[in-house]
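Have the fold open as you read.

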Amino acid sequence: MTELPQVPVVPDGMQDLYPFLYAHESASDTVLAEVARSTAAKAAEIVRLRREVAGLYAADLSACARAMAERFAAGGRLFTFGNGGSSTDAQGVATTFLHPPTGRPLPALSLTCDVAVVTALSNDIGFDVVFARQIAAFGRRGDIALGLSTSGGSPNVVQAFEEAARRGLLTVGMAGYHGGRLTELEMIDHLFVIPSSSVHRIQEAQTTVYHVLWELTLRAMAEQKVTAAGCPALGGDVP
């Protein structure tokens, strides 16, 4: 006797969550076509946004890179910070400078990496000071503070910049939308605002900005024929 194939049982909720997996072929094709259209539109949007940012900030990116190169050459260090997705980007910035794919490494530290410090300050004092207190402990005149905030209004990022400015650090900010509170802080030396209302596009463009900033900083150091104090070249070519 031939056994009939068993029809797989669809778990509760799965069909609502992933309708295209259980749709008829025509419906599935429609979903895939919509995904392809959406992906193409988002790719075109970030390309346009990156071009707009390049037009807005080409001169300031170059000026910021030269200022950062001067501080690295004098023994300065880079401190980065941000919340949520911007925390991940802050770690990416620090890693790019400290462990680059090519060229010389430069001293950089993300203030979001030490969970014990972040949770201790949050628990004992308040989350608004988690970056400012670290800047107060580690920062010195000639260092660099680079903070990211998609909204531009994160209180702990604002306080970190205020503390950094008091201590004579070079301050570099990245924000989205219209810049939020960061645009009101006169002590930020270089502020790059991504003109978008999409958190995803903002963070994608910010990633481009800090990678360009890293590359321009290395080029500026090469042009100045200097090597950061305590950071000898590794023999890789400057990109």
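Q: How many bridges join β1 to β3?
A: This is a predicted model. Strand β3 covers residues 144-149. β1 and β3 run parallel, and the bridges that join them number four.

Q: Are the residues of β1 buried or exposed?
A: Strand β1 spans residues 78-81. L78 and T80 point one way, F79 and F81 the other way. Buried here means under 20% relative accessible area. On both sides of β1, these residues are buried.

Q: In what order do the five strands stand in the sheet?
A: The sheet is open, and its pairing is parallel. β2 and β5 stand at the edges, each with a single partner strand, so one side of each lacks a neighbour in the sheet. From one strand to the next, the twist averages 15°. The order is β2-β1-β3-β4-β5.

Q: What is the bridge partner of G176 in β5?
A: β4 covers residues 170-176. β4 and β5 pair in the parallel sense over five bridges. In β5, the partner of G176 is I194.

Q: Which strands does helix α7 touch?
A: Helix α7 takes in residues 155-166 and packs on the sheet. Its direction makes about 160° with that of β4. The strands touched by α7 are β1, β3 and β4.

Q: At what angle to β4 does helix α8 run?
A: Helix α8 spans residues 199-223. α8 lies across β3, β4 and β5. Its angle to β4 is about 150°.

Q: What is the handedness of the β-α-β unit made by β1, α4 and β2?
A: Helix α4 covers residues 85-98. β1 and β2 pair in the parallel sense. With α4, these two strands make a β-α-β unit that is right-handed.

Q: Which backbone nitrogen does a side-chain oxygen of D114 reach at the start of α5?
A: Helix α5 runs over residues 115-124. After α5 comes G126, whose phi is positive, near 155°. At the start of the helix, the D114 oxygen comes to within 3.2 Å of the backbone nitrogen of A116.

Q: What share of the chain counts as buried?
A: The chain has eight helices and five strands. It exposes about 12,800 Å², with 56% supplied by carbon and sulfur atoms. Of its 239 residues, the buried share is 40%.

Methods. Residues numbered from 1 in each chain as written. Predicted model: local features only at pLDDT ≥ 70, side-chain atom pairs only at ≥ 80, totals over all residues. Heavy atoms only, no water. Polar contact = N/O pair within 3.5 Å; in protein donor to acceptor, adjacent residues only side chain to side chain. Buried < 20%, exposed > 50% of the residue type's maximum accessible area, 1.4 Å probe, protein only. Pairing = 2+ DSSP bridges. Right-handed = clockwise from strand over helix to strand, strands pointing away. Axes fitted to C-alpha atoms, helices over the stretch in contact; angles between N-to-C directions. Contact = heavy atoms within 4.5 Å. Areas by Shrake-Rupley, 256 points an atom, 1.4 Å probe, with all protein chains shown as cover.
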